[in-house]
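Reader: I'm new to this one. Can you put it up and walk me through a few parts?
Author: Here it is.

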Amino acid sequence: MTTITPDQVKSYHKTGYIHLKSILPTNLLELSQFALNRWTNKTISQWHAQGLIPSTYPEIDFQHRLLQAWHAAGKPNYSRSPRRDLVCPEMYQILVHPTLLDIAQALLGTAEISVHGIFNARPKLPDQKWTDTPWHQDAQYYRDAEETHVISMWYPLQRTTEENSCLQVAPGLHGSKLLEGAVDEESGFLGLSREESADLKGHSIEMDPGDVLCFPQKMPHRALPNQSEAVRWSMDVRYEATESATDSGRDKGFVVRSPGNSSAVESSDTWLSRWEGISAGTY
Ligand SMILES: O=C(O)CCC(=O)C(=O)O
């Protein structure tokens with residue numbers, strides 16, 4: 001079992017975030033890369049089918065292939081927060097990964113845990129304003145969690161710094177109210193209004209592969225622009241207590257840990273079947 005100390009739990013509740021270093025095992029990062037690669041294959045194949053690129057560049061490695069294809073295609077827009085395209089047995093393996101569940105158990109204070117059905121990958125290419133995630137509270141996207149603890153867990157697949165779009169949080173503000181929000185003019189993302197964002201002091205969380213950042217549903221956070229010459233890959237997943245699971249979370253989420261009642265845990269096949277008929281970009 002992954003150990004989170006009582007001091008770490010205390011610090012999470014006090015500041016509204018915790019940066020856990022070197023805690024995610026290699027197999028979780030490999031599963032994440034597999035799911036991202038699936039999305040990459042589809043995206044590049046679409047550019048190829050549209051005649052934007054002469055090849056799908058199968059010989060290029062994961063860290064460089066998307067970037068090369070995107071440049072060659074003339075920097076087209078792409079799905080900036082893919083979800084449906086990630087759905088595969090490996091994505092299920094990520095969501096049920098014991099390391100993530102142990103962290104969730106410690107921070108939620110219960111072993112009866114559900115996956116919240118909102119998860120994303122963020123393939124952030126350089127200098128694309130429409131991928132810059134502005135200050136927001138995750139519960140602005142699922143307002144039924146206003147008073148329900150939903151933990152967001154965000155982790156990168158490469159070192160992530162202020163230069164290549166690390167996240168920033170606003171320590172101590174996780175207990176503030178859920179703001180109405182506004183659509184950001186530059187990116188089209190829902191987030192805090194310009195006025196609400198103006199006074200926030202961002203604390204940058206620079207991270208390495210294997211680290212994870214956890215924060216609750218009302219913590220204001222944003223991602224800095226990617227000013228590097230490479231893709232910034234990351235995944236974000238969410239967990240809540242089964243007893244108080246929200247409708248938005250249960251929609252595509254499921255019971256993931258229930259000691260003593262393992263039959264309550266949804267199988268991979270059942271979860272995958274719930275996505276049939278849902279096309280990319282619609283959920
Ligand atoms: O990775 C990003 O750019 C933003 C991630 C984020 O804000 C989130 O997961 O809530």
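Predicted model: local features only at pLDDT ≥ 70, side-chain atom pairs only at ≥ 80, totals over all residues.

Author: Start with helix H3, residues 62-72, where Leu66, Ala69 and Trp70 are buried. Buried means that 20 or more other C-beta atoms, placed from the backbone, lie within 10 Å of the residue's own; exposed means 12 or fewer, and partly exposed is in between. Helices (H or I, at least four residues) and strands (E, at least two) are DSSP runs, numbered from the N terminus.

Reader: Why do the buried residues of H3 line one face of the helix?
Author: Seen down the axis of H3, they fall within an arc of 100°, so they line one face. The arc is taken from the directions that run from the helix axis to the C-beta atoms. In general, an α-helix has 3.6 residues a turn, so residues three or four places apart point the same way.

Reader: Which residues are exposed on the other side of H3?
Author: His64 and His71.

Reader: And what do the buried ones pack against?
Author: The buried residues of H3 pack against helix H2 (26-49). Contact here means C-beta atoms, placed from the backbone, within 7 Å.

Reader: How many bridges join S2 and S10?
Author: Strand S2 (residues 113-121) and S10 pair over 6 bridges, in the antiparallel sense. Asparagine 120 has aspartate 236 in S10 as its bridge partner.

Reader: Which residues are around the ligand?
Author: Arg122, Lys124, Thr133, Asp138, Ser152, Trp154, His221, Ala223, Ser234 and Asp236. Each has its C-beta atom, placed from the backbone, within 6 Å of the ligand. Strands S3 (150-156), S9 (221-223) and S10 (234-241) give two or more residues each to that shell.

Reader: Last one: isoleucine 151, buried or exposed?
Author: Isoleucine 151, found in strand S3, counts as buried because it has 24 C-beta neighbours inside 10 Å.

Methods: Residues numbered from 1 in each chain as written. Pairing = 2+ DSSP bridges. Contact = placed C-beta atoms within 7 Å.
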